[in-house]
Amino acid sequence: MTQTLASLAPAPRLRGLAVLLFVLALAVLPLVLPGRFWLHIVSLTMIYTIFVLGQNIVTGWAGMLTLGQAAFVGMGAYTSVILTMQYGVPWPLAALAAGAVAGITGALLSIPCLRVKADFLSLVTIAFNQIFFVVANNWMDLTRGPMGIPGVPAMGAFGWQATTATQQFWLILAVVILLFVIVGRLTRGPIGRAWKMIRDDEIAAGTIGVNVTGYKVLAFGVGCFLCGLGGSIYGHYMRFISPDMFKLEESLLLMQMAILGGLASMPGTALGVFLMIAIPEALRSQEPWLITARPGIAGAMLVLLMIFRPNGLLGLGETPPVLRKLRAALPWGGAK
Amino acid sequence: MTRFGRRTLLKSGAAAALLAALPARVLAQDGDIHIAIAGPMTGDSASMGLNAQRGAAAAMELINAAGGVNGRKIVVEFFDDMGQPREAASVARRIVDAGIYAAVIGHVNSSCTLAAMPIYAETGLPVLCGSSSNSQVTESGWTNIIRCTIRDDYGAQQYSAYAVNNLGKKKLGILFANDDFGRGLRDKMMTAADALGAEVVADAGFTPNVDKDFSAIVTDFVAKGVEVFMLNCNYTEGGLFLGQAQSLGVSGIPTVGPDSLLYNEFIELAQGAAEGANVLAAYDPYSANEKTVAFMTKFAADYDALPSQVAVFTCDLLMLVQTLMAGGTEAPDLIAAAKAATFEGVGGTYNWNEKGDVESRTFAVVTVKDGAFASTGITVDETGLEVLR
Amino acid sequence: MVYYLEQLSNGLAIGSIYALIALGYSLVYSILNLINFAHGYVIMVGAFVALQLLALGVHPALAVLLACCSGALIAMLVERIAYRPVRHANRVIPMISALGAGLVLSAAAQLIWGPEVRSFPQLIPRFPVEIGGINLSSQSLVILAISVVLVVASSWFLHRTRFGLAAQCVRQDMVAAQLMGIPVNTVIVAIYALGGFLGVAGSILFAMYFNAVFIQMGLLATTKAWAAAMLGGIGSFQGAFWGGILLGLAETLAVITVGSAYRDGVSMAIIVGVLLLRPAGLFGTTIKERS
């Protein structure tokens, strides 16, 4: 609730400045980072932030438990790659088409599920993910099946292509900033308020005249659109796609990221993604037992974080003590 | 208490991240030759990664006992791609960024190799690939890669020819793992069977690492009059398939398969039904070749297991690096030198063509006899394959 | 005709395996009301423990019993570490912490037993049995019998014993149960233990039937068991049983109609279709509203 109130209040100018500084710091990252490995990790984080933002709209803001977002990511990636490679569609158009295909499919899929509560939606989304995998893996003519599609062209338009890692980084950063602005407006506006209301008390929302089904379908459509759009960027960034990149395990990873960072929090989304990508990378080692134990250590951290921060790092509910202290220490803080 | 724990956790996480960010170059100021081995050490195909680790370990002892590369030691480092293309790309970035590696041996899964190659290609880092069978690996125009595994089109012809000509069976039933390895073989096998005048009467794909129940497929194959089982899959599913066929009362149908079946577990999982199965191996584990004997003995003594294709190829690629660099080849020229060379390794003789594929390799037919693999010395009868060449 | 009968028996055989796994799962599920990702990993470790004990030469009956107990123990540990602290948080939190616990278990299993698929000793002899011209495996008949016995026993336990009634109260309303003096924590721990025990019994038969113990069994068993439990109706043992059987039949049907490559897709589509028509599952009676 505090989060809702805080987000309704006019943002302090200083906070805007802090965000601006953060974005600037990100933008100069390619110029200051030695080597390109960490640049790649940050690029990957930004791409996954788009997926998880989609997941978060459905799960965090609108409160629906979907476990098959990777299928929509894959759908977007395949749509965009096939459009650009086989039909010569320019990438920006292909990316929008990717988002549209995923978004429309998601919205259609959600309609029959919304009448049923409990875990039906999770089952349907898991089932959809399996079905997507099976179809992508078998429809040889369209997707080349398990062979995957190599040689995907880089992102770009109008004769320009983002071929270097730095160009790709800046392009992805620009898209992510744009999406953050749009999603920020959306979730703070009437639609976002309706989603939150439905999430917190569906019956009450229905009673006061909120079109519950309509808003839920909309949440699904927007969430899956983001996943599809992100999927397009992912495919053109990786330069290769194959069905095994979009399996159920990937969906579970997206859900973990969303919850770790904090449901219904945009900064949380980015933080959750970064930690879930960076921590396993930081744990890499030559120690034989650690090579084997690495996924397990990541799992143990997940359990610990859930126990100590059940609302995610920057999620709904209480403000993390670290941030609270930080705020109190700042000259303009304390108001809260 | 909780707050303390939480903070320490965050701090140590940050510290670990910083440590990992330190350029690995700092570590590479000795005269050692560093080789990165990338493959799935965890995840669904972890057993292949384990074999890469074991093959490398066995090779390292043999190599460094022989004095390394003119006195310089070869040092291998392992990178886990978990069998996932995304992880493979991250691993590739890390390897390229480190700047200390003379070459990469890997990846194992074709999808991982294909996702990592664009990154290795940027700097032209030599990539020595063992087992990625997807034809795109060498068909995408990359000049910094060679691979050891036999291409699926050539392999499929050999397996089919063995079933049709050597065993005299005309009705093939193909069981394939629905990944790029199994699917590729299955597609090429259809063409080969056609050319040989045989018929594929039934074919069934399954999702590897997920499907374990083959009873419905067995019943289907038998109903369609399959005369020979062509197993285009790994030892796990191949063994389970045969075991389940036996418990459904199916017997007397011979089996032909690639060397992905060449694991002792294949015989165990098939519960006796693997007896007489024909495995066409891209290398002969029972060859009298001195190197092969040394490696096989070492491997069996250390791990009490049969080295798989991944282990053999990892070992051979390390030895290839040793041989070439001892002969004066600099690291960046490894691929060009390999393409020009004829290399004798544990797995026999390798000649690489301009694309980076191995050429004119022959298959060793291995069979299961009294619950163990045994060499047969049979050669594949290639009659009828001429039209495909 | 014989072909279809044989396929039917194949479907029944694999279905009875799914039924067995779904049984232990359904028990825990009815309390938790959320997909329990840890369950599959717990029973996978249990199967490995059984394999290890057998390899050490322990008497098979004792080994199976001890493995089931180890499953109960691990399930209790998972409950204590990954579930209880977050029981009252947002309902997706326990799901994620269970997933984390599953990752830990699977890494531990790979550290201890390695990544290879291992074969499992055939404690129940396996030979073809011919009934009316159809070949059945002796093992699947035994497994079917065991599932039926376990369904009956579990239903009796849950409906006719004091503990079972307490468990039902906890399931329906945790707070009210606490107010009525039911030791909720003890009951939940006991249910987890029982779920782990039954689950490992299922996974040992699963391992025996496929002659394979492998780490990926964790996620595989969870999804199959969950699908079967959903299909049959949550919290109903009968439902779990029939759900498992139907899932097996649906998969076999997929293989003979569309092809084995589409197996998972088609069987999932069938489940979704059934649930669209009967949202509470085939044997479920209530749709529980939860936010």
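In the predicted model, 60% of the 291 residues of chain C count as buried. For a chain of 291 residues, a compact globule would have a radius of gyration near 19 Å, and the value of 19 Å found for chain C therefore agrees with that expectation. Taken along the principal axes, the C-alpha atoms of chain C fill a box of roughly 60 × 50 × 35 Å. Among the contacts of chain C with a separation of 6 or more, 74% are accounted for by residues 24 or more positions apart.

The secondary structure of chain C consists of 11 helices and 2 strands. Read from the N terminus, the order of these elements is α-α-α-α-β-β-α-α-α-α-α-α-α. Helix H8 of chain C covers residues 184-210, a run of 27 residues. From its first C-alpha to its last, H8(C) reaches 38 Å, close to the 39 Å expected at 1.5 Å a residue. This helix is mostly covered, with 21 of its 27 residues buried. Just after H8(C), Asn211(C) adopts a positive phi of about 55°.

Chain C meets chain A through 39 residues of its own, which are in contact with 34 residues of chain A. On the side of chain C that touches chain A, at least two residues each are supplied by helix H3 (60-83), helix H4 (92-113) and helix H11 (263-277) of chain C. The most is given by H4(C), with 14 residues. In composition, this side of chain C divides into 28 nonpolar, 7 polar and 4 charged residues.

Chain B also touches chain A, and this contact takes 34 residues from chain B and 34 residues from chain A. Two or more residues of the side of chain B that touches chain A come from each of helix H1 (2-21), strand S2 (74-80), helix H3 (85-98), helix H4 (110-123) and helix H7 (180-195) of chain B. H1(B) provides the largest share, 9 residues. The side of chain B that touches chain A comprises 13 nonpolar, 10 polar and 11 charged residues.

Within chain B, the domain assignment gives domain 1 (7-150 + 288-351) and domain 2 (152-281 + 363-388). The C-alpha centres of domain 1 and domain 2 of chain B are 30 Å apart. Contact between the two involves 11 residues of domain 1 of chain B and 13 residues of domain 2 of chain B. The residues on the side of domain 1 of chain B that touches domain 2 of chain B are 3 nonpolar, 7 polar and 1 charged.

The largest nonpolar core holds 348 residues, of which Ile35(B), Val104(B), Met230(B), Leu318(B), Val321(B) and Ala47(C) touch the most other members. H8(C), the helix described above, gives the most to this core, with 16 residues. Both domain 1 (7-150 + 288-351) and domain 2 (152-281 + 363-388) of chain B give residues to the core, so it lies between them. Apart from its neighbours within four places in sequence, Met230(B) is in contact with Tyr159(B), Ala163(B), Leu172(B), Gly173(B), Ile174(B), Leu175(B), Met189(B) and Val256(B).

Technical notes: Residues are numbered from 1 along each chain as its sequence is written. Chains are lettered from A and ligands numbered from 1 in the order in which they are written. This is a predicted model: local features need pLDDT of at least 70, side-chain atom pairs count only at pLDDT 80 or more; totals for chains, interfaces and linings use all residues. Two residues are in contact if their C-beta atoms, placed from the backbone, lie within 7 Å. Helices (H or I, at least four residues) and strands (E, at least two) are DSSP runs, numbered from the N terminus. Ala, Val, Leu, Ile, Met, Phe, Trp, Tyr, Cys and Pro count as nonpolar, Asp, Glu, Lys and Arg as charged, and the others, Gly among them, as polar. The radius of gyration is taken over C-alpha atoms; the globule rule is 2.2 Å times the number of residues to the power 0.38. A residue is buried if 20 or more other C-beta atoms lie within 10 Å of its own, exposed if 12 or fewer, and partly exposed in between; C-beta atoms are placed from the backbone. The expected span of a helix is 1.5 Å times one less than its number of residues. Domain bounds come from an automatic or database domain assignment. A nonpolar core is a set of buried Ala, Val, Leu, Ile, Met, Phe, Trp, Tyr and Cys residues joined through C-beta atoms within 7 Å.
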